[in-house]
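Colleague: I am new to reading models of this kind and would like to go through this one slowly. Could you show me the sequence and the structure, and then take my questions in turn?

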Amino acid sequence: MTVLNTLTSKEAIELENKYGAHNYHPLPVVISKGKGVFVWDVEGKKYYDFLSAYSAVNQGHCHPKIVEAMVTQAQTLTLTSRAFYNDQLGKYEKFATDLFGFDKLLPMNTGAEAVETALKIARKWGYEVKGIPEDKAQIVVCENNFHGRTTTIISFSNDPVARKNFGPYTEGFIKIEYDNLLALKETLESNQHIVAFLVEPIQGEAGVYVPSEGYLAAAKQLCETHNVLFIADEVQTGIARTGRLLATCGNCSCEDKNCSGDPEVKADILILGKALSGGAYPVSAVLANNSIMEVIKPGNHGSTFGGNPIAAAIAIAALEVVADENLADNAAKLGVIFREELTLFCKDNDLVDSVRGKGLLNAILINDSEDSSTAWDICMKLRDNGLLAKPTHGNIIRFAPPLIINESQLMECISIIKKTISEF
Ligand SMILES: *Cc1c(COP(=O)(O)O)cnc(C)c1O
């Protein structure tokens, strides 16, 4: 196996292609090291990471405080299962519920599992608290949503690639247009069996669609009027990415009055994942108040690894880093600069149609047909020029660096992006 220790990029890619299932189409770059905002490939070339593992690495690669928490806990106790208590989980639950402003937390591992958990809680609440007749509960979701990959979640996706030939699909979901209050209002008025509205505060995977000002607050209000739970999937938007601790920021304890979040909105059920561990470990969570979370009784739900002591120790450290290093403020401030610079650039460059986003979750729209390879080709050139990004849907390129990036690094990245696109 000595060969495997001195792998070139080409060899590593060939191994994955031959022995791995082809469920992804990665950009051809093989990363072997990460530190802060940078990653290095196996040949030693250094790149800015402008994907941050889909916003999981908000705190930067291999953050020393998170790594230290992980190593210390790994040397002490890794897993008990929830058959027994462990001495880390309760501390983490108290810390996170205080921080986000909820009574209780239910720990899981991946984002998709946390979404599934939220759906189960909402349905059970619907039957036991709201009084919906058996098996009639409906959950409203949005078109072009992305909530993960399980059978139930893809049942209410409208991405044909994610759905086709995975049926039969789970029932009980009503799809409406995103950012359309009238559609939500009419749906809630016309159906007595709705238990919840599941929404992403910004649709990340769909291409960083930011809803109209006030949409989330008004949607939340409509839900309250109809006794329907507002479920915020903040797996991608949460943990400072959009310039506040949460994008539905009525929940959180951050005090910045100038922040661009939507302080009117407090979700009934909050779903977190990705950066909850700073990308060090799969950690996800569902948060809700007692009146909702108490429908879950022993045996109703669980996960062998959910709430394990390593995850708990890591999550505390990862959330502390967000506060210690003012990552929300940094994302808010640098996001403004990023959009200003690229908006100016768009005016002189026909290839970039527009830039949009919030905080450091941004995207540029390439002026080409959706099935063209232009966005991919630009990402290949960005790679050659030392910056890693990936197209989302067709002609949209998302830019989401670690939130620890500083202004001079960001300016350097903006010039890499401008130079690369100008050469097209
Ligand atoms: C990534 C993501 C998920 C799924 O998370 P996994 O950890 O990949 O299962 C769910 N919702 C949103 C909004 C996401 O961005």
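Colleague: Does Thr117 count as buried or exposed?

Modeller: This is a predicted model, in which local features need pLDDT of at least 70 and side-chain atom pairs count only at pLDDT 80 or more, while totals for chains, interfaces and linings use all residues. Residues are numbered from 1 along each chain as its sequence is written, and side-chain values use heavy atoms, with hydrogens and water left out. Thr117 lies in helix α6, residues 111-130, where helices (H or I, at least four residues) and strands (E, at least two) are DSSP runs numbered from the N terminus. Its relative accessibility is 1%, and since buried means under 20% relative accessible area, exposed over 50% and partly exposed in between (1.4 Å probe, protein chains only), Thr117 counts as buried.

Colleague: Which residues is Thr117 in contact with, leaving aside its neighbours within four places in sequence?

Modeller: Contact here means heavy atoms within 4.5 Å. With the neighbours within four places in sequence left aside, the contacts of Thr117 are Leu106, Met108, Val286 and His301.

Colleague: What is the relative accessible area of Glu200?

Modeller: Glu200 sits in the loop between β7 (194-199) and α10 (215-225). Not counting residues up to four places away in sequence, Glu200 touches Asn144, Asn145, Phe146, His147, Tyr178 and Asp233. Glu200 is therefore classed as buried, because its relative accessible area is 7%.

Colleague: Which residue does a cis peptide bond join to Gly167?

Modeller: The residue in question is placed in the loop between α8 (160-163) and β6 (173-176). The cis bond has an omega of about 0°, and the partner of Gly167 in this bond is Pro168.

Colleague: Does Asn326 count as buried, partly exposed or exposed?

Modeller: Asn326 lies in the loop between α12 (309-324) and α13, and its phi is near 50°, a positive value in a residue other than glycine. With a relative accessibility of 46%, Asn326 counts as partly exposed.

Colleague: Are α13 and α15 roughly parallel or roughly antiparallel to each other?

Modeller: The axes of α13 (residues 327-348) and α15 (residues 407-422) come within 11 Å and cross at roughly 25°; axes are lines fitted to C-alpha atoms, for helices over the stretch in contact, and angles run from 0 to 180 degrees between N-to-C directions. Angles under 35 degrees count as roughly parallel, over 145 as roughly antiparallel, 65 to 115 as roughly perpendicular and the rest as oblique. The two helices, α13 and α15, are therefore roughly parallel.

Colleague: What is the radius of gyration of the chain?

Modeller: The chain has 15 helices and 15 strands. The radius of gyration is taken over C-alpha atoms, and the globule rule is 2.2 Å times the number of residues to the power 0.38. For 424 residues that rule gives 22 Å, and the chain comes close to it, so it is as compact as a globular protein of that length, with a radius of gyration of 21 Å.
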